[in-house]
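Subject: Structure handover

Hello,

Here is the structure for your files. Please open it first, then read the notes below.

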Amino acid sequence: MQPLLEQACWDTLYMVGWSTLIAVVGGLPLGVLLVLTDRGGLLQNVVANKVIGQIVNIARSLPFIILMVALMGFTRWITGTTIGREAAIVPLAVGAIPFFARLVETAVREVDHGLVEAVQSMGGNTWTVVRKVLVPESLPSLISSATTTIVALIGYSAMAGTVGAGGLGDIAIRYGYQRFETGLMWITVAILAVVISVIQFAGDYAARGLHRRGGRSGPGPKLRLLKAREPDSPAAASTGSGSGTAEVGKVA
Amino acid sequence: MITTSGLSKVYRSRGREVTALDGVDLHVREGEVYGVIGQSGAGKSSLIRCVNLLERPTSGTVTVAGQDLTALAGRGHRAGRELRRARSRIGMVFQHFNLLSSRTVQDNVELPLEILGVSGKERSRKALELLDLVGLADKAGSYPAQLSGGQKQRVGIARALAGDPKVLLSDEATSALDPETTRSILQLLRDLNRQLGLTVLLITHEMDVVKSICDSAALMEKGRIVESGTVGELLATPGSELAAALFPVSGDASGDDRTVVDITFHGDAAGRPVISQLSRTYNIDISILGAAMDTVGGKQVGRMRIELPGRYEDNVVPIGFLREQGLQIDVQGLAQEPALAEEGAAK
């Protein structure tokens, strides 16, 4: 029983590890691109933004088990097989890339536009902005996003047993459910709970550590309160609809 | 040093058009501190962002240090290499500091140098030198979150100076700071202006900022420059709103048979003790109702409101004396005699 569980643990970690890596490598640029190509972004391209957005939405809305079956042809083309751990990594990664990309998009969007402006005023180009501002400044959020992705992937990997990839989920279904070995099932549940807790804790710890070091660069809330006047930002006139209306009123 | 001509900026969003800048002509001389003052929504922020082309003007040209920036390639955010190089020679300081929270103070100051491709050793030498200049040498290893507002702005200034700019743009640099800190930051800007011969263009909504450090000022309203000139020129302009705001005088006549006169001091006449001369020559008692004076470059500039005994008819001669001294005289509560007022200004 113990070698069985041990093997299952390693299978799960192997699949989740690789697919996380691929998801981060693929999802990070995709998420950044979603922000950059959006209206008012540095590489504004509405068509590209819509296309990427739609692909991400479709890929995210498919249930994983269907995605796994639907991607079999693609999986065979990449790994040469549709069965086993390696074969499970392909649909796991494909499912996780858009998932992570959306989280990256949200995190990167949070970065203060003033910082982007500052780097531009120093003569930085878009690549500099991405490398020196968007990614480092959203790093705590990105780490949290990666943690969420890993936890979701562990959930997805339970279905990988369908393609003979093994893993903890597979054990729970085949032994725990189909062979009525309830004890074994609970053990896998406990292992999964521990693994997920450890990953979540490690992710939170890393994100919080970075955040505490950084904090926000704006003025404290006290100063904002003291200053009754609304700071006039040029972006507000072009993007913010609220202040835009106010300005129209003034000009007219 | 900075010249804009016919600068216009129109924002289009969802079919609506908002004119932020409407034909702005600005001329900032080398080595001066130039303040643009205006209310929120007057177009100040758009103006300063058009100067380094963070926003591309709809029409008009911007020339900085003899280089026509509007002619350089690149559109808006997608700035070409030439424009980016030109930008790196213009420092910019922001209202909300815009420091990277993930970097230490020193790394923040090094950022522009990284973009310029300066080597690591040279970068840290320069950054420490600049932090020393702004008085934060001991904070090099701190993170921005650990600094006070004034300290953050000092880091912002050090960062803006990293590329050895000739021009510094200040976008409401002191608006998020308390009065005490504002004074110290303005003092720093003034010192840098003198020590490094830095030309400073600043925008603000606080008259005190213009008053304390600006050599020249412009008043902006609804995307237009309504008044502009050196502080002396503004004072010399009759009815100048900016001069009235910079040197406010108040006080009413203490009785019916009194004449209230506003005297504006500027130019060469300002050095002479005219009030006591007037008092001695005509043997009259003068009371000072209010005064706003400043010493700029060893000369007194400002305005004073005095009260003379007797009605205007009784005081034609003393007022004539003051006009002869080359001072600008406005008699309160009297329909302005345009010819006389002009004569006074011309002298």
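Start with helix α8 of chain A, residues 139-157. The 19 residues of α8(A) reach 26 Å from first C-alpha to last, close to the 27 Å expected at 1.5 Å a residue. That expected span is 1.5 Å times one less than the number of residues. Helices here are DSSP runs of H or I with at least four residues, strands are runs of E with at least two, and both are numbered from the N terminus. In α8(A), 15 of the 19 residues are buried, so the helix is largely enclosed by the rest of the structure. Buried means 20 or more other C-beta atoms within 10 Å of the residue's own, exposed means 12 or fewer, and partly exposed lies in between, with C-beta atoms placed from the backbone.

This is a predicted model: local features need pLDDT of at least 70, side-chain atom pairs count only at pLDDT 80 or more, and totals for chains, interfaces and linings use all residues. Residues are numbered from 1 along each chain as its sequence is written, while chains are lettered from A and ligands numbered from 1 in the order in which they are written.

Confidence
The model scores ipTM 0.80 and pTM 0.79. Chain B averages a pLDDT of 86, and 91% of its residues score at least 70. pLDDT is the predictor's confidence in each residue, from 0 to 100. Over residues 336-347 of chain B the pLDDT is below 50. Where pLDDT is low, the predicted coordinates should not be read in detail.

The core
The largest nonpolar core has 145 residues. Such a core is a set of buried Ala, Val, Leu, Ile, Met, Phe, Trp, Tyr and Cys residues joined through C-beta atoms within 7 Å. The members touching the most others include A:V32, A:F100 and B:L201. Helix α5 of chain A (residues 85-109) gives the most to this core, with 16 residues. Leaving out residues up to four places away in sequence, A:V32 touches A:V104, A:V108, A:V130 and A:L134. Another core, of five residues, lies apart; A:L168 and A:Y175 are among them.

Chain B
Chain B has twelve helices and 16 strands. Its C-alpha trace spans about 75 × 50 × 35 Å along the principal axes. Of its 347 residues, 45% are buried.

Six of the strands in chain B form an open, mixed sheet, ordered β8-β9-β10-β3-β11-β12. Its edge strands are β8 (90-93) and β12 (224-230), each pairing on one side only. Two strands pair if DSSP finds at least two bridges between them. Neighbouring strands of the sheet are turned by 15° against each other on average, direction ignored. Within chain B, β3 (33-38) and β11 (216-221) run parallel, joined by five bridges. One partner pair is B:G35 with B:A217.

Two residues to check
Most residues other than glycine have a negative phi. B:N98 has a positive phi of about 55°, and B:D164 has one of about 50°. B:N98 sits in the loop between β8 and α3 (105-116) of chain B. B:D164 is in the loop between α5 and β9 of chain B. B:D164 is partly exposed, with 13.

Best wishes

Key:
Axes are lines fitted to C-alpha atoms, for helices over the stretch in contact, and angles run from 0 to 180 degrees between N-to-C directions. Two residues are in contact if their C-beta atoms, placed from the backbone, lie within 7 Å.
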